[in-house]
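Thanks for making time for this one. I would like to walk through the strand pairing first, then the pockets, and finish with a single loop residue.

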Amino acid sequence: MLNQNENNNIENKLTNEPNINDENLDLMSKILLEEELMNNILTNQQEARILSGKEVAAAIADDCLTRAIHLQSRGCHPTLAVFRVGERPDDIYYENSIKRHCEQVGVRCQTLTLPATIREEEFASMLTQTSQDSSIHGIFFFSPLPPNLNETYLRSLITPDKDVDCLARATQAELYFGGPTRGFAPCTAAAVMEMLRYYQIPVAGKQVVVLGRSLVVGRPLAMLLLDANATVTIAHSKSENLSQVCWQADIVIAAVGKPRLVQGGWLRPGQVVIDIGANADPENGGKMCGDVDFAAAHSMVEAITPVPGGVGLVTTAILCRHVIEAAERESVNG
């Protein structure tokens, strides 16, 4: 994704100097020439454009607030039910973020805190009742659940029209089959697509690598990208030559949960990097870092999302939007 001037510079360099593929060059000469060409590119490369999640989330929030006010004027109050089982610090942090965002956009947020020792039958009963409650438009619970609970079964109790984070297998199946659905895409995957759209980053026909194959991010995101006509490669911890896979892509999306896995040497000028990772920084206690070495990538690629301040902010905004969309559907059908 180099601009025209950069492309011209490279073409001029290739025209005026020996070609790397020239059979008359020995191996060392080819290596040195390739290195010189790359150095010339890097010399002219400016720092990457920062794809701020705050800007995208603010735009979503403005739209959500307008739609929520319209719903409220018709007697419908968009409402999200959030179940938290146990006292995991990251769940509590995310819960507070959800409540704050909901308040800002006119969405009611009912939080239910349950003990980690709760019986599965009791939790199942609560989910069933909430799914049947017409005043609730979206249901969300934090994952993973304690091992004493069958998470797959509990997810299945959420009806597709209230499954605002694609938790249930039925909703996931609709996503994979494509076409109109009653449910919603996972919020993080939808947030990535929203950021690409907002910053007008072309996807159709592009080579996109998704690092991560989880059911909540990697796989559904790959499906959304395919629907947008991208050529998608899913890579993971068992993939060979990960650095080469990343190097060849136009867009690199990292969602593996490993601090700074993607090094500067895995990337090249012209790429767009979307970092979904949110890891405790092993080098800076109390701070967060992504799956990409931001310092190295920032001076290399064309555009990159920061951590924090990137996809995470948009994910929560998307959750609020899904609740409002569910309320709008309920209002029309009701």
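Let me begin with the pairing of strand 5, residues 207–211, and strand 7, residues 251–254, which run parallel and are joined by four bridges. Please keep in mind throughout that this is a predicted model, so every value I quote is computed from predicted coordinates. Within this pair, V210 has I253 of strand 7 as its bridge partner.

On its other pairing, strand 7 runs parallel to strand 8, residues 272–275, and again four bridges join the two. Here the bridge partner of V252 is V273 in strand 8.

Which way do the residues of strand 7 point, and are they buried or exposed? I251 and I253 point one way, while V252 and A254 point the other way, and all of them are buried. As background, side chains in a regular strand alternate between the two faces of the sheet.

If we now step back to the whole sheet, it is an open one made of six strands, in the order 1-11-8-7-5-6, with parallel pairing. Strand 1, at 49–50, and strand 6, at 231–235, stand at the edges, and because each has a single partner strand, one side of each is left without a neighbour in the sheet.

For the chain overall, the count is twelve helices and eleven strands. Of its 334 residues, 45% are buried, and the chain exposes about 16,700 Å², of which carbon and sulfur atoms supply 50%. If we take the contacts with a separation of 6 or more, residues 24 or more positions apart account for 69% of them.

The largest pocket has a volume of about 1,500 Å³, and of the 41 residues lining it, the closest to its centre are Y94, T188, I276, A278 and G312. The elements that give two or more residues to this lining are helix 4 (89–105), strand 4 (138–141), helix 8 (187–198) and helix 12 (311–333), and the largest share, six residues, comes from helix 4. By residue class, the lining of the largest pocket divides into 21 nonpolar, twelve polar and eight charged residues.

The second largest pocket has a volume of about 370 Å³. Its lining has 21 residues, and F184, A185, A190, L224 and H322 lie nearest its centre. Which elements supply at least two residues of the lining of the second largest pocket? They are helix 7 (169–177), helix 8, helix 9 (218–227) and helix 12, with helix 12 giving the largest share, five residues. The lining of the second largest pocket divides into nine nonpolar, six polar and six charged residues.

Finally, the loop residue. G75 lies in the loop between helix 3 (53–73) and strand 2 (79–85). Why does G75 count as exposed? The reason is that its relative accessibility is 57%, and the cut-off for exposed is over 50%. Although G75 and S331 are 256 residues apart along the chain, their C-alpha atoms are separated by 9.2 Å.

Key: Residues are numbered from 1 along each chain as its sequence is written. This is a predicted model: local features need pLDDT of at least 70, side-chain atom pairs count only at pLDDT 80 or more; totals for chains, interfaces and linings use all residues. Side-chain values use heavy atoms; hydrogens and water are left out. Two strands pair if DSSP finds at least two bridges between them. Buried means under 20% relative accessible area, exposed over 50%, partly exposed in between (1.4 Å probe, protein chains only). On a 1 Å grid over the protein atoms alone, a cavity is a set of points where a 1.4 Å probe fits but cannot get out, and a pocket is an open set with protein on both sides within 12 Å along at least five of seven lines; lining residues have an atom within 4 Å of a point. Grid points are joined across faces, edges and corners, and a volume is the space filled by probe spheres set on the points. Ala, Val, Leu, Ile, Met, Phe, Trp, Tyr, Cys and Pro count as nonpolar, Asp, Glu, Lys and Arg as charged, and the others, Gly among them, as polar. Contact means heavy atoms within 4.5 Å. Accessible areas come from the Shrake-Rupley method with a 1.4 Å probe; for residues, only the protein chains shown count as cover.
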